[in-house]
Amino acid sequence: YAAAAPAPAAPKPAAPKPPKFQPPALPVQGDRREPIRGYARLMVQSMNASLSIPHFGYNDEIRLNSLSELRKALKPAAEERGVRMSYMPLFIKAASVALRSYPVVNSSVSADEKEIIYHGSHNVGVAMDTAQGLVVPNIKNCQNLSVFEIAAELNRLQHDGATSGIKAEDLAGTTFTLSNIGAIGGTTMVPVIAAPQVAIGALGKIQTLPRFGPGGEVERAMIMDISWAGDHRVVDGATMARFSNLWKDMLENPATMIAGLR
Ligand code: CAO
């Protein structure tokens, strides 16, 4: 038996010829340095301080069909008062009502970590995207403000953010923060707590999605994800879940929020 001679190797394809036309090399720009000033400087300081906080995350989804109807109904009355009514004042007011039941979510840890300071005021910070960058002014004493008053304050802060800049007093004394990233896009975000606060919530984009109704039928649901971050030194997951459940219940059944108003 004689082995068959190996087949001759296929000829290698010829290497491609270099193109005749070579695009001209564009000049490469050098690196550029820029001082970190203004709101960006505040962000550096605040985010460095946040590294000392042991964060945990907690997420849920909220069905906003009823709240959307409520907002529609409130809009004309708000306009009569010269106020623009977005969802934020409702999210903020519901949070303030829920904070009454879970005051630890509106607290701070003392510098020596020996005490929890429960804040009497609900000074709710609102993360704001401005031409100068991220800034987080707060709406003071939301526990005493109506939804219209919160809307008016938010309008004022948005106007200041877009024109003269946010005043120092509006930046001081935040006790709890909400960040509506969904106004720009994105369904979820991992928010970072600004010390000495112990909690922050990030709101995702409101989307129309299929969900089951009470009878098992598929219906159109307006869904928004909420992502909370808590300071695990003083807020545990169960407390955050109960706080979030209460907030969610008020948004899904706005009548329960009205029952909680003073
Ligand atoms: N999903 C879908 N639509 C939303 C929405 C959401 N989560 N939130 C707001 N919208 C809608 C509003 O209802 C409004 O529509 P209408 O004119 O029909 O009412 C429109 O988007 C514009 O809202 P707005 O942004 O002017 O007002 P707002 O009160 O909802 O939000 C503010 C105010 C300051 C929170 C927001 O403008 C903003 O700056 N968000 C960015 C926050 C941010 O950068 N977070 C990141 C922090 S960490 O880097």
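Analyst: Helices (H or I, at least four residues) and strands (E, at least two) are DSSP runs, numbered from the N terminus. Asn141, for example, sits in the loop between strand 7 (138–139) and helix 4. This is a predicted model, in which local features need pLDDT of at least 70, side-chain atom pairs count only at pLDDT 80 or more, and totals for chains, interfaces and linings use all residues. Residues are numbered from 1 along each chain as its sequence is written, and side-chain values use heavy atoms, with hydrogens and water left out.

User: What is the phi of Asn141, and is the residue buried or partly exposed?

Analyst: Asn141 is not a glycine, yet its phi is positive, at about 55 degrees. Exposure is read from relative accessible area: buried is under 20%, exposed over 50%, partly exposed in between (1.4 Å probe, protein chains only). Asn141 counts as partly exposed because its value is 29%.

User: Which loop holds Glu113?

Analyst: Glu113 lies between strand 2 (107–109) and strand 3. Its phi is also positive, near 60 degrees, in a residue other than glycine. Glu113 is classed as exposed because its relative accessibility is 52%.

User: Where is His119, and how many residues separate it from Thr175 in sequence?

Analyst: His119 belongs to the loop between strand 3 (116–118) and strand 4 (124–126). Thr175 is 56 residues away in sequence, while the C-alpha atoms of His119 and Thr175 are 7.1 Å apart. With 27% relative accessibility, His119 is partly exposed.

User: Which peptide bond is cis?

Analyst: The bond from Ala195 to Pro196 is cis, with omega near 5 degrees. Pro196 is part of the loop between strand 8 and strand 9 (199–203).

User: Which residues are closest to the ligand?

Analyst: A residue is near a molecule if one of its heavy atoms lies within 4 Å of it. The ligand is surrounded by 22 residues, the closest being Arg71, Arg84, Ser86, Asn180 and Ile206. For the polar part, the cut-off for a pair of N or O atoms is within 3.5 Å. Asp129 has a polar backbone atom 2.9 Å from an oxygen atom of the ligand.

User: Which elements give two or more residues to the shell around the ligand?

Analyst: They are helix 2 (65–80), strand 5 (128–130), helix 4 (147–162) and strand 8 (176–180).

Key:
Polar contact = N/O pair within 3.5 Å; in protein donor to acceptor, adjacent residues only side chain to side chain.
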